[in-house]
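Here is a walk through one chain, from the overall picture down to single side chains. Have the sequence and the model open side by side as you read.

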Amino acid sequence: MSRAGARALAALLLGWAPACSYYSQADGERLRDEVFALRTQLTAVQASLGQLQETADGRLTKLSADVADLNGAARRNDADIGVQLEVLKGDFARVRGQVDALADRMSEVEGASAKTQEELDLRFKGLDEKAQIEAEQSAKARAAAEAVAQKRKALLSRPKAALNEAESLIEKGNPSGARELVRSLEIAQRKKKGWSVYEPKAFYLIGESYFAEGEFQKAAAAYNKVRKKYPKSKTWLPGSILKLGICFEKLGLNDDARLFYRTVSSKFPKHPAGREGRRLLSKLGGV
């Protein structure tokens with residue numbers, strides 16, 4: 001029903017109401033109620049129509065804006081696609097250039113690798129030749145070492161010769177070599193019969209090796225072994241007592257040094273060690 005139709009119907013109903021005097025009062029009241037209900041419905045319909053109109057107008061405005069946005073986006077997308085296409089073209093060109101550069105680099109690497117391989121081959125060949133030479137030299141060195149070992153083994157079976165060799169090493173400035181030789185001789189001979197004859201000299205030479213190195217305390221310990229174990233040795237005891245005195249003097253223990261100088265000079269007055277003991281005692285101011 002249109003708005004005009006609704007108004008005409010309302011006017012007609014309202015115009016008839018006072019003129020129809022033949023209606024009863026109850027009919028008149030019922031008619032007024034119906035009219036009021038129609039007015040209420042009409043008002044509601046008008047409000048709904050207004051809301052529909054506003055909604056339609058809003059939707060139309062939004063649709064127009066959306067269409068405009070879509071048109072703009074389409075134009076922008078076309079422009080963006082063009083830009084992106086140009087960027088892709090540039091990227092492709094750069095990648096192509098990198099591929100070409102990589103190919104050149106690969107060629108250089110292959111060339112360098114071939115050259116390196118040739119150099120390595122030459123080096124390996126040189127190493128093989130060097131290894132052969134070293135093997136020959138090693139064989140000679142092993143033969144020489146075996147000869148030395150055999151000579152040493154033979155020397156250790158002859159105590160007198162070994163001790164003479166140790167004494168010679170001390171004189172030549174190799175006290176550690178002399179000491180090592182004497183130690184080896186002790187190990188090889190100490191359980192054999194007759195070793196006690198050579199043992200005093202072995203102790204003495206150990207003392208001499210330490211004395212040559214300036215290890216006076218260790219030297220004194222070795223000389224003292226001769227004094228304690230072989231107190232009747234006229235060959236090695238005098239020199240050991242004298243060297244004990246010298247070691248204590250070197251260590252700054254002059255009273256002990258005088259004691260040993262006095263002992264060697266009184267017990268062996270005619271021995272070279274006794275005469276040297278008297279001289280050193282006099283030098284220290286002893287009697």
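## Overall picture

Of the 287 residues of the protein chain, 24% count as buried, where buried means under 20% relative accessible area, exposed means over 50%, and partly exposed is whatever falls in between (1.4 Å probe, protein chains only). The chain exposes about 20600 Å², and carbon and sulfur atoms supply 57% of that; these areas come from the Shrake-Rupley method with a 1.4 Å probe, and for residues only the protein chains shown count as cover.

This is a predicted model, in which local features need pLDDT of at least 70, side-chain atom pairs count only at pLDDT 80 or more, and totals for chains, interfaces and linings use all residues. Residues are numbered from 1 along each chain as its sequence is written, and side-chain values use heavy atoms, with hydrogens and water left out.

The mean pLDDT of the protein chain is 79, and 67% of its residues reach 70 or more; pLDDT is the predictor's confidence in each residue, from 0 to 100. Over residues 6–21 the pLDDT is below 50, and beyond near neighbours in sequence this stretch has seven contacts in the model. A contact here means heavy atoms within 4.5 Å. Where pLDDT is low, the predicted coordinates should not be read in detail.

## Helices from end to end

What does the fold consist of? The chain has nine helices and zero strands, so read along the sequence the pattern is α-α-α-α-α-α-α-α-α. Helices (H or I, at least four residues) and strands (E, at least two) are DSSP runs, numbered from the N terminus. Among contacts between residues at least 6 apart in sequence, 49% join residues at least 24 apart.

H4 has 15 residues and reaches 21 Å from its first C-alpha to its last, close to the 21 Å expected. The expected span is 1.5 Å times one less than the number of residues in the helix. Among the buried residues of H4 are Pro175, Arg179, Val182 and Glu186.

The largest nonpolar core holds 41 residues, and Val182, Leu242 and Tyr261 touch the most other members. A nonpolar core is a set of buried Ala, Val, Leu, Ile, Met, Phe, Trp, Tyr and Cys residues joined through side-chain atoms within 4.5 Å. At least two residues each come from helix H2 (25–156), H3, helix H4 (175–189), H5, helix H6 (216–229), helix H7 (237–250), H8 and H9. H7 gives the most, with seven residues. In soluble globular proteins, nonpolar side chains tend to be buried together.

H7 itself is mostly covered, with 12 of its 14 residues buried, and those buried residues pack against H5, H6, H8 and H9. Leu242 is one of the buried residues of H7; leaving aside neighbours within four places in sequence, Leu242 is in contact with Tyr261, Val264, Ala273, Glu276, Gly277 and Leu280. After H7 comes Gly252, whose phi is positive, near 85 degrees.

## Salt bridges

How many salt bridges are there? The count comes to eight, taking a salt bridge as a side-chain nitrogen of Lys or Arg within 4 Å of a carboxyl oxygen of Asp or Glu. Lys201 pairs with Glu167, their closest N and O atoms 3.3 Å apart. Lys201 sits in helix H5 (residues 199–212) and Glu167 in helix H3 (residues 159–171), so this pair ties together parts that are 34 residues apart in sequence. Lys201 is buried at 13% relative accessibility, while Glu167 is partly exposed at 31%.

Two others stay within a single helix. Arg258 and Asp255 both lie in helix H8 (residues 254–267), three residues apart, and their closest N and O atoms are 2.9 Å apart; Asp255 is exposed at 62%. Glu276 and Arg279, both in helix H9 (residues 272–284) and three residues apart, meet at 2.6 Å, N to O. Glu276 is partly exposed at 27%, and Arg279 is partly exposed at 47%. An α-helix has 3.6 residues a turn, so residues three or four places apart point the same way.

## Pro200 in H5

Pro200 lies in helix H5 and is buried, at 5% relative accessibility. Leaving aside neighbours within four places in sequence, Pro200 is in contact with Val226, Tyr230 and Trp236. Pro200 and Ala222 are 22 residues apart in sequence and 9.9 Å apart in space, C-alpha to C-alpha.
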